[in-house]
Amino acid sequence: MVRVEFLGPIQRETMELNITNLNELATILKDDKEMQEWLENSAVAVNDTLVNNRNFTLVSGDKVSLLPPVCGG
Amino acid sequence: MLELYDGSLSVASILKDWYEEETSSNYGAFISFVGTVRSEDEIDGLSFDIYEPILNKWFDEWQARAKAKGAIIKMAHSRGDVLLHESSYIAAVFSPKRRVALEFIDEYVEDFKASAPIWKYDLRDNKRIYAKERSTAIKGSGLLSDKKNKEDER
């Protein structure tokens, strides 16, 4: 299982999914209307490293995090 | 050194500690930036969420860049609520000579604003409202959006 966490203001419970890459996660989330804006403006990290490729391979035990727009300080 | 605190920062005490830690390190310059919550738009204060694993990595990368220039950085940030006229953020650079610290504090604070995984909320009528309009999407955002990926292909 891959654990998917939604950080900061994205009010959503953590998901546990049987997926093998980020394309599959995009497919699962694309029909969720409330998530569309977050998908457009969020960065994605796998095991706490930012990734830029939807074909990124996921294995059981991986953690995927969605990071919405930031504003520290 | 990265320090996170619940609530507002004790600015004078943190800066004093940092200054004293480096008194015998032979740095010729110490530049600090302190971020304080201003009264505007009738807010009661700000509140912060932090994702520490990625913040730590971000900070370590900047520390390595500082080290390559013979400098070091320090940072303190608040978690949770910080009221008006209290401070939530301190960044500092120590370097052998002034130019490195003056230039580095600018790059480091600007990248902090654009990349550090911290989310800001306005406190208003006991509610926590995400400061969406003032927030910046991290570089590479939109990876999971079909719409965004199609736009990028054009």
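Two strands pair if DSSP finds at least two bridges between them. In this predicted model, Ala43(A) stands opposite Leu67(A) in S5(A).

**Exercise 1. Determine which strands pair with S5(A), in which sense, and whether S5(A) is buried or exposed.**

Solution. 

Step 1. Take the partner that holds Ala43(A). S3(A) pairs with S5(A) in the antiparallel sense, and the pairing has four bridges. Ala43(A) faces Leu67(A) of S5(A), and Ala45(A) faces Ser65(A) of S5(A).

Step 2. Take the other partner. Strand S1 of chain A, residues 2–6, pairs with S5(A) in the parallel sense, also over four bridges. Here Val4(A) is opposite Val64(A) of S5(A).

Step 3. Consider burial, for which a residue needs 20 or more other C-beta atoms within 10 Å of its own. Strand S5 of chain A covers residues 63–67, and four of these five residues are buried, so the strand is largely enclosed by the rest of the structure.

**Exercise 2. State which elements chain A contains, in what order they run, and how compact the chain is.**

Solution. 

Step 1. Chain A has two helices and five strands. Read from the N terminus, the order is β-β-α-α-β-β-β.

Step 2. Chain A has a radius of gyration of 12 Å, close to the 11 Å that the globule rule gives for 73 residues, so the chain is as compact as a globular protein of that length.

Step 3. The C-alpha trace of chain A spans about 35 × 25 × 20 Å along its principal axes. Of the 73 residues, 36% count as buried.

Step 4. Among the contacts in chain A with a separation of 6 or more, 55% come from residues 24 or more positions apart.

**Exercise 3. Characterise the side of chain A that touches chain B: how many residues take part, and which elements supply them?**

Solution. 

Step 1. The contact joins 26 residues of chain A to 33 residues of chain B.

Step 2. Helix H1 (22–29), helix H2 (36–41) and strand S3 (43–46) of chain A each give two or more residues to this side. H1(A) gives the most, with four residues.

Step 3. By type, the residues on this side of chain A are 16 nonpolar, six polar and four charged.

**Exercise 4. Locate Arg134(B) and His85(B), and decide for each whether the residue is buried or exposed.**

Solution. 

Step 1. Arg134(B) lies in the loop between strand S7 (127–130) and helix H4 (146–153) of chain B. Arg134(B) is exposed, with 12 other C-beta atoms within 10 Å.

Step 2. Leaving aside neighbours within four places in sequence, Arg134(B) is in contact with Cys71(A) and Lys120(B). Arg134(B) and Lys120(B) are 14 residues apart along the chain, and their C-alpha atoms are separated by 8.7 Å.

Step 3. His85(B) lies in the loop between strand S4 (72–83) and strand S5 (87–95) of chain B. His85(B) is exposed, with 11 other C-beta atoms within 10 Å, and has a positive phi of about 70° although it is not a glycine.

Step 4. As to confidence, chain B has a mean pLDDT of 95, and 95% of its residues reach 70 or more. The model scores ipTM 0.95 and pTM 0.94.

Note on methods:
Residues numbered from 1 in each chain as written. Chains lettered and ligands numbered in written order. Predicted model: local features only at pLDDT ≥ 70, side-chain atom pairs only at ≥ 80, totals over all residues. Contact = placed C-beta atoms within 7 Å. Nonpolar A, V, L, I, M, F, W, Y, C, P; charged D, E, K, R; others polar. Rg over C-alpha atoms; globule rule 2.2 N^0.38 Å. pLDDT = per-residue confidence, 0-100.
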